[in-house]
Amino acid sequence: MIGLMPVKLNYALPKKFALLERLYQCLEEEASRYPFVCEPGCSDCCTVNLLATSAEVRYFLDSLKEQERKALLEKLSPFKGKQRLRPKVTPNEMALFYMSGKEPPADEGFVFEPCPFLKDNLCSIYERRAFVCRTFFSLKKCQQTREAEAPPEFLTLSTVLMQLLEEIDLAGLYGNFLDLLLFFLENEGTPPEEIVIPEELLSNREAPDFAIPLQYERYVRQFLARLYREPVGDKTFKEVLDEIKEGAQVKEALSFLGEAL
Ligand code: SF4
């Protein structure tokens with residue numbers, strides 16, 4: 001982990017949820033422009049290796065009743081500490097590495113184990129699934145070719161939006177979806193000052209800039225420009241994002257990012 005960032009787990013959650021919903025909607029509209037062949041029952045990409053921000057996890061947990069959260073903790077307990085993909089750096093830290101001409105450390109632990117939310121080859125939390133699940137698309141049937149094939153500009157857009165997601169969730173965390181779920185479920189009711197953040201969860205950071213290859217710059221910037229103008233309540237997406245950034249007061253904390261790299 002590079003440097004430290006103040007973590008405020010409950011910071012600006014309603015605003016973050018509103019931005020997530022708008023982002024999910026815009027991504028869905030964008031994806032509908034491509035001839036993707038994915039359909040209900042395709043689930044080869046649904047594994048335990050999902051990476052997400054804490055805002056996405058809280059967005060899902062927010063939809064559950066107390067009893068459902070208890071049942072979920074019980075269901076996920078066997079997954080505690082098991083091997084799965086865990087990030088070494090956040091998307092914005094990764095972008096910083098690339099911008100400094102350095103190779104970021106590779107994420108480790110990928111395993112071929114189905115996601116615990118898969119039920120009869122369908123996602124049981126579909127409406128509240130993580131962002132990364134919403135980018136699982138292929139132009140060809142993966143079952144036939146054993147790998148997904150997505151347009152490179154769409155892959156670039158997905159990567160850039162991971163950076164934006166981290167920015168939306170400033171003062172929050174980044175990590176494996178299951179680790180984040182276990183962390184919040186186990187700490188439910190614990191006073192914030194007593195919560196210990198495990199080392200597999202990383203602190204989110206503001207985007208230094210978006211890492212966009214030159215050939216996709218126009219496509220990605222046009223998407224972002226449209227997204228930023230989208231209404232969120234009585235404001236625009238960008239205005240709400242700026243409010244989150246301003247309130248998180250991350251400028252000072254960011255200063256030692258440069259030193260650490
Ligand atoms: S949460 Fe749903 S969409 Fe995402 S990997 Fe699990 S089953 Fe698949």
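This is a predicted model: local features need pLDDT of at least 70, side-chain atom pairs count only at pLDDT 80 or more; totals for chains, interfaces and linings use all residues.
| Helix pair | Angle | Axis separation |
|---|---|---|
| Helix 4 (residues 91–99) and helix 6 (residues 152–168) | about 125 degrees | 8 Å apart |
| Helix 1 (residues 13–31) and helix 2 (residues 54–61) | roughly 90 degrees | within 10 Å |

Helix 4 packs against helix 6 at an angle of about 125 degrees, and the two are therefore oblique to each other. On the side of helix 4 the contact is formed by P91, N92 and A95, and on the side of helix 6 by M162, Q163 and E166. Sorted by class, this contact of helix 4 with helix 6 comprises three nonpolar residues, two polar residues and one charged residue.

The axes of helix 1 and helix 2 cross at roughly 90 degrees, which makes helix 1 roughly perpendicular to helix 2. Here L13, K16, F17 and L20 of helix 1 meet A55, E56, R58 and Y59 of helix 2, and the residues of this contact divide into five nonpolar and three charged, with no polar residue.

Helix 2 also stands out for its burial: seven of its eight residues are buried, so this helix is largely enclosed by the rest of the structure. The buried residues are S54, A55, E56, V57, R58, Y59 and F60, a list that includes the charged residues E56 and R58. The elements covering these buried residues of helix 2 include helix 1 and helix 6, together with helix 7 (177–186), strand 1 (51–53) and strand 4 (173–176).

Terms used: Residues are numbered from 1 along each chain as its sequence is written. Axes are lines fitted to C-alpha atoms, for helices over the stretch in contact, and angles run from 0 to 180 degrees between N-to-C directions. Helices (H or I, at least four residues) and strands (E, at least two) are DSSP runs, numbered from the N terminus. Angles under 35 degrees count as roughly parallel, over 145 as roughly antiparallel, 65 to 115 as roughly perpendicular and the rest as oblique. Two residues are in contact if their C-beta atoms, placed from the backbone, lie within 7 Å. A residue is buried if 20 or more other C-beta atoms lie within 10 Å of its own, exposed if 12 or fewer, and partly exposed in between; C-beta atoms are placed from the backbone.
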